[in-house]
Amino acid sequence: MRVSLSLSLLLLPAAALAAPAANFLNTAIARTVELGGSTTSVTTQYNVKSLVDGPGEYWLPLAGKEGEEPAWWEVNVGGKAVDGAKLLPRETPTVVVPLGKMKKDDTVTLSLTYTTIHAAKPLPATIEQRDPQYLLWKTDSTYVDSWYPVDVERVKIRSPSPNILRHSSVPATYTRDNTVTRASATITLGPFHSVPPTLGGSSVEQQPFEVHYETKEPVMALRSLRRSAEVSHWGGNLNIQDELDLTNMGPKLKGHFSRLAHQQSRFHAAMPAQIFTDLTLRLPPTAHSVYYYDTIGNVSTSKFRAGSTPETAKSSKVRTSPRTVEGLLELKPRYPILGGWNYSFTVGWDMPLGDALKTDVAAVKNVLAVPFLTGVKDLVADDVELKIVLPEAARDVEVFTPFPVDSITHSMHRTYLDSIGRPAITIKKAHCTENHAQTVYVSYTYPVSSLLHKPLTVAGVVLGLFMLGLGLRRVDYSIERKK
């Protein structure tokens with residue numbers, strides 16, 4: 001969701017729960033569903049026609065009746081992000097989209113993109129080690145849900161593999177020629193003609209639709225992601241550390257794991273799809289001092305390729321790209337992760353604070369930019385927590401998130417050489433995808449005099465110990481008095 005859209009996300013009063021006025025007509029709707037493993041991406045294009053002068057706002061449903069809000073969504077009008085979109089508090093997640101001043105018979109193109117999570121389930125639920133894996137994707141809406149009538153609509157469902165075992169059929173109520181057609185890995189529903197509104201008390205009966213398909217990538221998810229970002233003005237450093245709890249949500253292993261069969265698959269470069277063996281993370285271009293360990297200890301089966309910026313490329317003795325290049329961290333778990341298996345590990349790195357912090361010297365104001373998470377394609381994080389630890393004596397802390405979050409809490413973080421503690425902000429959000437790999441901004445004031453707080457504290461402690469030692473040396477510890 002774009003920043004401009006999320007900042008304007010509001011809840012309308014209960015008086016707006018009635019169905020909208022029939023001021024619009026969808027002349028054409030085209031939906032494309034990209035099936036995956038843990039995520040499903042949906043893109044829908046609406047050609048909207050105004051039936052009256054000044055039709056007002058357009059109601060855009062994000063799901064069907066009693067559906068859930070997608071993990072991520074974005075609305076564009078005419079190819080531009082929407083300002084002032086509002087989410088209705090109703091059982092059908094609906095966004096009210098302002099379309100500006102329109103006259104009768106004016107048309108506009110509206111685009112909705114959203115991502116759902118865990119929509120596909122493994123079927124069969126258990127397989128042998130070398131068997132292919134299949135997922136069953138199901139939707140409760142055959143037609144595109146809409147508050148307005150539709151002249152013609154078409155739905156395309158794309159599988160990651162052309163090996164589709166089966167799919168459902170659709171009723172021929174609103175079709176003229178074909179109901180379902182299939183070409184390789186693409187299934188096309190419709191076109192459907194003259195479809196009444198599916199929401200708002202309509203008599204249109206939605207039919208569930210299923211696709212049983214093969215996927216050749218492991219179905220991975222993060223049960224939890226705990227990210228901490230610690231700021232050090234003295235060292236000019238920003239340390240970021242991630243604690244990840246990874247799980248394979250694909251079909252569970254039937255029987256016992258065979259190391260011999262696994263080595264044979266690696267030798268013949270025919271690794272079964274359900275086995276997860278490696279993970280690649282994109283790090284900031286100036287990231288360095290990367291570390292990777294799990295509950296046992298350091299894991300040496302990893303490789304880090306440092307990134308570069310135009311500034312570092314000029315000063316580097318090694319020939320590097322003159323463009324900005326991200327760092328790549330290639331991780332290999334200590335053991336292969338099969339369906340139902342888990343793996344917990346920690347990844348961290350340092351980067352120059354100047355790359356993430358902007359300072360207004362006159363206003364003594366600092367703005368810190370911290371990535372909410374590191375995005376990985378088709379990887380869902382069920383529970384994400386970001387903790388940002390600011391330097392001691394920082395105050396007037398404000399947080400700006402690029403999307404709505406579940407909670408933001410302020411606390412004090414105490415560690416070595418701290419006296420009053422460091423301000424900390426904890427941000428929590430559930431159901432995150434790679435689309436949430438955006439930047440969180442934190443502003444705070446940090447006077448120059450605060451830089452002396454820690455050395456003065458240390459000097460005071462050392463001086464106190466020195467004075468205590470001087471005093472103790474003057475104490476007479478002898479048992480008998482001297483004559």
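Me: What order do the 3 strands of the open sheet take?
Reply: In this predicted model, the open sheet has the order S20-S23-S22, and its pairing is antiparallel. Strands here are DSSP runs of E with at least two residues, numbered from the N terminus, and two of them pair if DSSP finds at least two bridges between them.

Me: Which strands stand at the edges of it?
Reply: Strand S20 (279-283) and strand S22 (302-305) do, and because each has a single partner strand, one side of each is left without a neighbour in the sheet.

Me: How many bridges link S22 and S23, then?
Reply: S22 and strand S23, which covers residues 327-331, pair over 4 bridges in the antiparallel sense.

Me: And what stands opposite Lys-303 there?
Reply: That is Glu-330, which belongs to S23.

Me: Switching topic: how do S14 and S15 run, parallel or antiparallel?
Reply: Strand S14 (residues 180-183) and strand S15 (residues 186-195) run antiparallel, and 4 bridges join them. Within this pair, Ala-183 of S14 stands opposite Thr-186 in S15.

Me: How many residues lie between them in the hairpin?
Reply: The hairpin formed by S14 and S15 has 2 residues between the strands, and Ser-184, which sits in the turn, has a positive phi of about 60°.

Me: What should I know about numbering and cut-offs?
Reply: Residues are numbered from 1 along each chain as its sequence is written. Local features need pLDDT of at least 70 and side-chain atom pairs count only at pLDDT 80 or more, while totals for chains, interfaces and linings use all residues, and side-chain values use heavy atoms, with hydrogens and water left out.
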